[in-house]
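Open the model in your viewer and get ready to select residues by number. We will go from one stop to the next.

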Amino acid sequence: MIKIAPSILSADFAALGHDIARVEAGGADQLHVDVMDGRFVPNITIGPVVVAAIRKRTRLPLDVHLMIVEPERYISEFVAAGADMITIHAEACPHLQRTLAQIRELGARAGVALNPSTSPAVLEYVLDDLDLVLVMSVNPGFGGQAFIPTTHRKIREIRARLGDRSVDVSVDGGVKTDLAKSLADDGASTLVAGSAIFGAADPAAAVRAIRDAATGR
């Protein structure tokens with residue numbers, strides 16, 4: 001079943017609890033939390049304190065996407081703050097397998113994110129250490145960007161590499177209702193959407209619309 005993960009990067013941070021409640025009402029399956037450090041990507045967002053505040057306001061699983069250098073230094077703090085999943089960038093981890101093992105040892109699910117120009121081949125020797133793969137369909141750092149079409153082929157290649165492993169394939173960036181069905185057909189199991197949901201007049205209805213489009217309803 002396809003999962004919808006609203007990205008709080010596009011939410012109203014002055015009314016974050018309210019916005020989270022609205023997407024919960026729409027049936028969101030999890031929340032996507034973007035952490036940026038101004039070094040790995042040209043933007044700065046939030047840290048463990050905000051993740052802990054979100055954890056108090058929702059029972060939805062939290063996928064904390066670390067767009068930061070040296071993620072291994074901060075993983076324990078984010079897990080302690082309430083992250084259910086920690087997604088790290090292959091490009092930021094010279095010891096990728098060790099960092100994925102660290103995430104699992106702390107009790108969270110381990111994910112790898114791939115930038116648009118990063119080949120799925122980097123996953124070859126960590127396939128058994130993964131719980132999810134996050135395919136970036138825009139260059140990370142800012143919300144509201146246009147979807148990069150080559151993402152379709154990349155998702156299909158990743159799904160083929162995973163074989164029968166029980167690993168989620170998420171896609172993040174420029175995801176809108178009109179793309180939902182084709183992404184699901186490619187093999188994506190989780191659709192991350194920010195502006196398409198929180199930029200809508202009714203975020204709950206936007207969650208439902210993306211799910212309905214993905215499932216062909």
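**Stop 1: a charged residue inside**

Select D34, which sits in strand β2, residues 31-36. This is a predicted model.

Which side chains does D34 meet through polar contacts? Show S7 and H65. The side chain of D34 makes a polar contact of 3.2 Å with the side chain of S7. Another polar contact, 3.0 Å, joins the side chains of D34 and H65. Now show the wider surroundings. Leaving out residues up to four places away in sequence, D34 touches S7, L9, T45, I46, H65, M67 and D172.

**Stop 2: helix α6**

Select residues 177-186, which form helix α6. Colour L179, A180, L183 and D186: these are the buried residues of the helix. Look down the axis of α6. The buried residues fall within an arc of 130 degrees, so they line one face of the helix. Turn to the other side of α6, where D178 and D185 are exposed.

What does the buried set pack against? Show α5 (151-162), β7 (168-172), β8 (190-193) and α8 (203-215): the buried residues of α6 pack against these elements. Then step past the end of the helix. G187 follows α6, and its phi is positive, near 125 degrees.

**Stop 3: salt bridges**

Side chains of opposite charge can pair when their charged atoms come close. How many salt bridges does the structure hold? There are 12. We will visit a few.

Stay on α6 and select K181 and D185. They form a salt bridge, with the closest N and O atoms 3.0 Å apart. Both residues lie in α6, 4 residues apart, about one turn of the helix. D185 has 54% relative accessibility and counts as exposed. K181, at 36%, counts as partly exposed.

Move to helix α1, residues 16-25, and select D19 and R22. Their side chains meet in a salt bridge of 3.1 Å, N to O. The two are 3 residues apart in α1, so about one helical turn separates them. D19 is buried, with a relative accessible area of 4%. R22 is partly exposed, at 30%.

Next, select E124 and R161. They form a salt bridge whose closest N and O atoms are 2.6 Å apart. This pair links distant parts of the chain, 37 residues apart. E124 is in the loop between β5 (109-114) and β6 (132-136), while R161 is in helix α5. E124 has 37% relative accessibility, which counts as partly exposed. R161 is partly exposed too, with a relative accessible area of 27%.

**Stop 4: the whole protein**

Zoom out and show the cartoon. The protein has 8 helices and 8 strands. Its radius of gyration is 16 Å, close to the 17 Å that the globule rule gives for 217 residues, so the protein is as compact as a globular protein of that length. Along the principal axes, the C-alpha atoms fill a box of roughly 45 × 35 × 30 Å.

Finally, colour by burial. Buried residues make up 53% of the 217 residues. Among contacts between residues at least 6 apart in sequence, 64% join residues at least 24 apart.

Technical notes. Residues are numbered from 1 along each chain as its sequence is written. This is a predicted model: local features need pLDDT of at least 70, side-chain atom pairs count only at pLDDT 80 or more; totals for chains, interfaces and linings use all residues. Side-chain values use heavy atoms; hydrogens and water are left out. Buried means under 20% relative accessible area, exposed over 50%, partly exposed in between (1.4 Å probe, protein chains only). The arc is that of the directions from the helix axis to the C-beta atoms. Contact means heavy atoms within 4.5 Å. A polar contact is a pair of N or O atoms within 3.5 Å; within protein, one must be able to donate a hydrogen and the other to accept it, and residues adjacent in sequence count only if both atoms are side-chain atoms. The radius of gyration is taken over C-alpha atoms; the globule rule is 2.2 Å times the number of residues to the power 0.38. A salt bridge is a side-chain nitrogen of Lys or Arg within 4 Å of a carboxyl oxygen of Asp or Glu.
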